[in-house]
Structures are given as C-alpha cells and as structure tokens.
Amino acid sequence: MTPILTCEHLTKTYGVFRALDDVSFTIEPGKIVGLLGENGAGKSTLLKILAGMLTKTSGSAQIDGNEPGVLTKSYVSYLPDKSYLQEWMKLSDLFALFSRFFADFDLQKAQGMAKDLGLSEKARLKAMSKGMQEKVHLILTMSRHAKLYLLDEPIGGVDPAARDYILDTILTNFNEDASILISTHMIADVEQILDEAIFLKQGKLILHAPVDELRETHHQSVDALFREVYRS
Amino acid sequence: MRWEFDNTRPVYIQLCEQFTNAIISGVIKPGEKLLSVRDLAKEAGVNPNTMQKALSELERSGLLYTQRTAGRFVTENEEKIKEIKQETARLRVSQFLNEMAQLGIQPQEIEALLAKMKKEES
C-alpha cells in the first residue's frame with residue numbers, strides 16, 4: 001500500500017537546538033498512530049510541520065505525494081494544541097467558516113455531532129466550558145473528510161467522560177482510507193485505540209511499532225514501556 | 001457484550017478470547033448475526049483494524065463465518081462450539097493446576113478440596 005505519510009530525515013533546528021532530529025517513518029492508510037513523548041520531545045513541532053504551519057530545516061515530508069503546503073491543507077485536518085478560533089464566534093459562525101474554507105467539510109455531520117452533545121449553534125465559544133470548547137474543536141476537525149488527521153493533544157484538559165466522548169468520536173469518524181496521527185502524553189487513555197506507536201525523545205524517533213507487537217514482546221502496556229524507555 | 005481489557009496483552013487476542021467465551025457460554029447464540037466491524041469496535045472502544053483482525057482470527061478457527069452480502073455470523077456447527085468449549089476448559093484447568101502446583105498443592109489435595117466444597121454447598 002502507498003503510504004499516506006512519508007517522513008525522511010526530517011529535521012527542525014532553532015539555532016543549535018534540534019527540535020526534530022533526523023526523523024524518518026511512514027504511515028499507511030487506515031492507521032491510527034500515537035505520537036508519544038514527554039513535553040518538549042518534538043511532538044507539536046512535527047505536527048506543525050506536517051500541517052504546513054512551520055517550515056522544516058532539512059529532510060522531507062510527503063503527504064499523499066505532496067510536500068506540506070497549500071494543496072495538502074485541503075486534505076489534512078489539523079487540530080492544534082491551542083485554540084485559534086475567535087471567542088466571540090457562535091457555533092453557526094464556525095460552521096460557516098469551515099464550510100467556506102474546506103471543500104471536504106461535512107456540515108451535516110458537524111451539526112449532527114453538535115446536536116448529540118446538546119450544543120446550540122447559537123452558543124458562543126466564549127460562553128462554553130474548556131471541555132466544551134475542546135469538543136467543538138474536535139467536531140470541526142473530525143467533520144472534514146480528510147486523508148490525514150493530525151490531532152495535537154485532543155484529550156488534554158478534559159474530564160474522563162469528555163475523554164471517552166472524544167476517543168469515541170475519533171473512532172467513529174475515521175474512515176478506512178484515512179489515517180490519524182494523534183499526539184499525547186496520556187498514553188494509558190489512548191493505547192486501546194492505537195494501531196501503532198511512535199516514541200519521540202529529545203527530537204529523535206526512538207521507536208515505531210504496532211501496539212499489539214509491543215505488548216506481545218514486552219508483556220506490558222505501552223504506557224509502562226514508555227516510562228521505562230524514558231527513564232533510561 | 002461487556003468488554004474489559006488488560007493493558008499488558010495484545011488487544012486482538014483479548015477480543016478473540018472474549019468472543020470465544022461469549023460464544024461457548026451462549027451469550028452469543030449459534031447462527032447469530034454480529035454487528036458490523038465498526039459498530040463492534042465502537043462498542044468495545046477499540047480500533048476497527050484491531051477488531052477486524054480478531055474477527056478474521058475467529059473465522060480462521062471456525063467460530064465465525066462471513067456471508068458475502070449478509071454479514072458475519074456465529075457458526076451453526078454446535079459440535080465445533082462444543083469442541084472449543086472443551087479446549088477452553090482444558091486450558092483453564094491446566095492453568096489452574098499450574099497455579100496450584102506453584103502453591104505446592106498436589107492434585108489429590110485439590111480433588112479432596114473440591115469434594116469438600118461440593119458437600120458444603122449441597
């Protein structure tokens with residue numbers, strides 16, 4: 001199968017600091033891949049480069065055959081780690097914005113998800129709790145029929161119920177030809193839905209393997225393995 | 001079905017075990033139609049690829065079969081189910097015997113204990 005994402009020797013430096021250091025890997029269509037690493041490991045940097053928000057220093061990244069840029073933004077759906085939406089906007093404004101911006105945005109799907117959550121389209125972002133705002137971001141991201149979803153810490157500050165809802169939404173809205181790259185440090189919460197795990201440490205890729213294979217060889221959870229790898 | 005997972009073992013193996021248990025204990029009946037891969041994955045909270053892998057494994061072992069357009073079903077071959085039930089029981093018993101051996105308990109003592117417990121129950 002042709003990979004949906006190929007990174008070769010991808011490197012990003014800030015002066016002497018190597019935020020990403022010679023990272024190479026591929027992701028096949030239909031996979032949910034966890035991008036795992038402690039704070040400052042380079043997770044967000046990698047996602048930002050893939051989303052076309054940051055320029056690499058060297059190496060290459062190809063998403064469905066194209067370098068990250070204007071074209072790839074039409075089929076890559078990115079959920080950043082910080083909100084970039086205007087707080088005064090209502091949900092209906094956001095839906096209109098996304099409909100205009102992205103040809104692959106499925107308005108009905110987004111409306112359906114908002115309804116399931118009991119969110120009024122008249123509600124302004126400002127008036128929503130943090131958990132609700134995170135859900136809105138996720139709805140917008142997952143309502144696109146993208147080829148690659150880049151989710152940066154989608155389960156960061158939310159309660160366990162919201163976390164379940166978010167993971168459920170990711171599972172339900174993912175189609176077989178698309179792939180998801182999801183960064184998190186809350187490994188225990190996501191490892192059940194992952195096909196593969198990528199461990200980043202100080203900008204370097206130190207492991208990339210199927211989750212079931214890791215469990216089979218190490219007889220421990222990915223979470224436990226992660227702690228072990230980072231301690232050494 | 002209720003699903004529970006132990007994080008230290010491959011998810012697909014645990015899915016296979018839980019399906020097998022449900023079939024041999026009759027929670028899922030012979031000939032019963034299963035939900036779609038996607039719906040099952042959602043119910044169990046696991047990745048659809050993993051669910052697919054588990055279902056393929058169970059098809060290989062003969063517990064499930066696919067009818068091209070109609071979907072996926074539990075086998076109607078009750079002999080097969082009985083056979084796997086026996087196999088599972090045998091496996092569990094041997095695990096149990098191993099644990100007892102580690103505790104230094106001999107098979108005769110286990111038999112005596114079982115008899116005693118049975119008497120107390122009745």
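**Reading a predicted two-chain model**

Visitor: Where the two chains meet in this predicted model, how many residues of chain A are in contact with chain B?

Guide: In general, the size of an interface is often given as the accessible area lost when the parts come together. Here we can count contacts instead: 19 residues of chain A are in contact with 13 residues of chain B. Two elements of chain A, α6 (160-172) and α8 (211-218), each give two or more residues to the side that touches chain B, and the largest share, four residues, comes from α6(A).

Visitor: What confidence values does the predictor give the complex?

Guide: For the complex, the predictor gives an ipTM of 0.74 and a pTM of 0.85. For chain B, the mean pLDDT is 91, and 100% of its residues reach 70 or more.

Visitor: Turning to chain A, how does its radius of gyration compare with that of a compact globule?

Guide: A compact globule with 232 residues would have a radius of gyration near 17 Å, and chain A agrees, because its own value is 17 Å. Its C-alpha atoms fill a box of roughly 50 × 35 × 35 Å along the principal axes, and the chain has nine helices and nine strands. Of the contacts in chain A with a separation of 6 or more, 70% are between residues 24 or more positions apart.

Visitor: Which residues touch the most other members of the largest nonpolar core?

Guide: The general idea is that, in soluble globular proteins, nonpolar side chains tend to be buried together. In this structure, buried residues make up 43% of the 232 residues in chain A. The largest nonpolar core has 81 residues, and Leu148(A), Leu150(A) and Ile180(A) touch the most other members. Leaving aside neighbours within four places in sequence, Ile180(A) is in contact with Ile32(A), Val33(A), Tyr149(A), Leu151(A), Ile170(A) and Phe174(A).

Notes:
Residues are numbered from 1 along each chain as its sequence is written. Chains are lettered from A and ligands numbered from 1 in the order in which they are written. This is a predicted model: local features need pLDDT of at least 70, side-chain atom pairs count only at pLDDT 80 or more; totals for chains, interfaces and linings use all residues. Two residues are in contact if their C-beta atoms, placed from the backbone, lie within 7 Å. A nonpolar core is a set of buried Ala, Val, Leu, Ile, Met, Phe, Trp, Tyr and Cys residues joined through C-beta atoms within 7 Å. A residue is buried if 20 or more other C-beta atoms lie within 10 Å of its own, exposed if 12 or fewer, and partly exposed in between; C-beta atoms are placed from the backbone. pLDDT is the predictor's confidence in each residue, from 0 to 100. The radius of gyration is taken over C-alpha atoms; the globule rule is 2.2 Å times the number of residues to the power 0.38.
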